[in-house]
Amino acid sequence: MRIRVAATVISGAAVLSALVVPAAAQAAQGPDARARLSSLSAHSAGTAKSANAASTAKTVRPMDAVGDISFSKGVVNGGKDIVLSTTRQSVTATYTATSANGVALTEAFLWQGTDPSSVDTITGALGTDDDPVCTESTTRTGVYSCKAVFPISAATDMKYNGAAGTWKLALGGYDLSVNASFDDNVTTAKIKKASKLTVNAAPEPVKKGKTVTVTGKLTRANWDTGTYGGYAGQKVVLQFRKKTSSTYTNVKGITAGAGGALKTTTKATADGYYRFSFATNTATGASTAAGDYVDVK
C-alpha cells in the first residue's frame, strides 16, 4: 500500500502539502498486510493511550475504536459473500469516514484473528495495492465517502485452505493534524472457496419411462495448489426442467462420492434438461451445472 495523499479528493490541500506521515505509517509500506495492519493498530492504540493518560486511567485495547475519525456504513463486496476461485479477483469495500478535523488518508484491511496489534494473533490479512479513495461530501463538512479495492490472488494470498470463513474489515487513517485513528471491526464478510459442477445425462435419446443415468462431479477451489479438487461427502440436488418450461424443479438429493463423483438415476418423462445444484455452506460457494438436454421418444 502506498502511503500518499490525494489532495484532489480531500479538503485542506494547503495543509496537506506540508504533511509529514508518522514513522509508524512509513513502516506500514511493506508488502506484508499483517505487518501493516498490526503497525497501524498498535500506533493508533498508543496514540489514544497517550491522549487519555492525563485525564483517565482507562486502558485502550487494540480492538477498541480509537481516534477522532469515526468509520461507519462499511460494506464489503456489495454485502455478498466473497467467493474466490484460483484466479486473481478484485473485491471492493465502501465506507464512510467522519472527522471534524478532516481526513488526510485512510487504510483498509480484511483480516482474521483475535488481535490486530500483533502478527502472531492475525491468522489472515489482505491489504490494498493503492490507498482507498475518499471524497468529501459537498453538503456535509468532514464526511467522506471512501472506496477500497482488494486485489486477491487466492493461490498466493490465501496461503492456507482453512482461511475460509468470517473476516473483519479494519479501517485506519490520519486526520489533517496527523492524528491516528483505527477501528478493527467496522463490518464482517464471508470468504468462501468457489465450487464447480459438471453433468451428463444418458442415454440420449431415451424412450419414455426408461431410466436416465445422470453423472457428474463436484469440485472446489484448492488455494494451496491453485487448482480444483474433488469435494466428497456433500449434498447435491438433481434438478429437471421441461423443454417447454423455464423453471427447474428438484428431483432428488444425492451425496458426492470419492473425488466428488456424482451418479444417480431417474425415469424419463419428457424432453428436457438435467442438472446438479450445490447450495453454499460456511466455507464453500454455491454452484449449478449447465443443463444437459435429453430427447425423450
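**Note on a predicted model: disulfide, strands and ring contacts**

1. With 115 degrees about the S-S bond, the link between Cys134 and Cys146 is right-handed. In general terms, a disulfide is a covalent bond between the sulfur atoms of two cysteines.

2. The loop between strand E6 (133-136) and strand E7 (143-153) contains Thr141. Thr141 and Gly102 are separated by 39 residues in sequence, and their C-alpha atoms lie 8.2 Å apart in space.

3. Arg88 is a residue of strand E3, which covers residues 88-98. Its relative accessible area is 55%, and the cut-off for exposed is over 50%, so Arg88 counts as exposed. Leaving aside residues up to four places away in sequence, Arg88 touches Asp129, Pro151, Ile152 and Ser153. Arg88 and Asp157 are 69 residues apart in sequence, with a C-alpha to C-alpha distance of 9.8 Å.

4. An open sheet is formed by five strands in the order E2-E9-E8-E4-E5, with mixed pairing. Which strands stand at its edges? These are strand E2 (82-84) and strand E5 (122-126); each has a single partner strand, so one side of each is left without a neighbour in the sheet. On average, neighbouring strands of this sheet are turned by 35 degrees against each other, direction ignored.

5. Strand E4 (residues 105-113) pairs with E5 in the antiparallel sense, over four bridges. Trp111 has Ala125, in E5, as its bridge partner.

6. Strand E11 takes part in several pairings. Strand E10 (residues 195-202) and strand E11 (residues 211-222) run antiparallel and are joined by eight bridges; here Ala202 stands opposite Thr213 in E11. E11 also pairs with strand E15 (residues 261-267), in the antiparallel sense over seven bridges. In this pairing Thr211 stands opposite Lys267 in E15.

7. The bridge partner of Asn222 in E12 is Thr227. The hairpin of E11 and E12 has four residues between the strands, and Gly226 there takes a positive phi near 75 degrees.

8. How many aromatic pairs does a search of the whole structure find? The search finds four. One of them is that of Tyr231 and Phe278: the ring centres are 6.0 Å apart and the planes stand at 75 degrees, so the pair is edge-to-face. This pair links distant parts of the chain, with Tyr231 in the loop between strand E12 (227-230) and strand E13 (235-242), and Phe278 in strand E16 (residues 272-278), 47 residues apart. Both Tyr231 and Phe278 are buried.

9. Phe240 and Tyr274 also form an aromatic pair, which is tilted: the distance is 4.7 Å centre to centre, with 45 degrees between the planes. Phe240 lies in strand E13 and Tyr274 in strand E16, so the pair ties together parts that are 34 residues apart in sequence. Both Phe240 and Tyr274 are buried.

10. The charged end of Lys196 sits over the ring of Tyr228, 4.2 Å from its centre. Arg275 lies over the face of Tyr248, at 3.7 Å from the ring centre.

How values were computed. Residues numbered from 1 in each chain as written. Predicted model: local features only at pLDDT ≥ 70, side-chain atom pairs only at ≥ 80, totals over all residues. Heavy atoms only, no water. Helix = DSSP H or I, 4+ residues; strand = E, 2+ residues; numbered from the N terminus. Buried < 20%, exposed > 50% of the residue type's maximum accessible area, 1.4 Å probe, protein only. Contact = heavy atoms within 4.5 Å. Pairing = 2+ DSSP bridges. Axes fitted to C-alpha atoms, helices over the stretch in contact; angles between N-to-C directions. Phe/Tyr/Trp six-rings, centres within 6.5 Å; stacked < 30°, edge-to-face > 60°. Lys NZ or Arg CZ within 6 Å of the ring centre and 35° of its normal. Disulfide = S-S within 2.5 Å.
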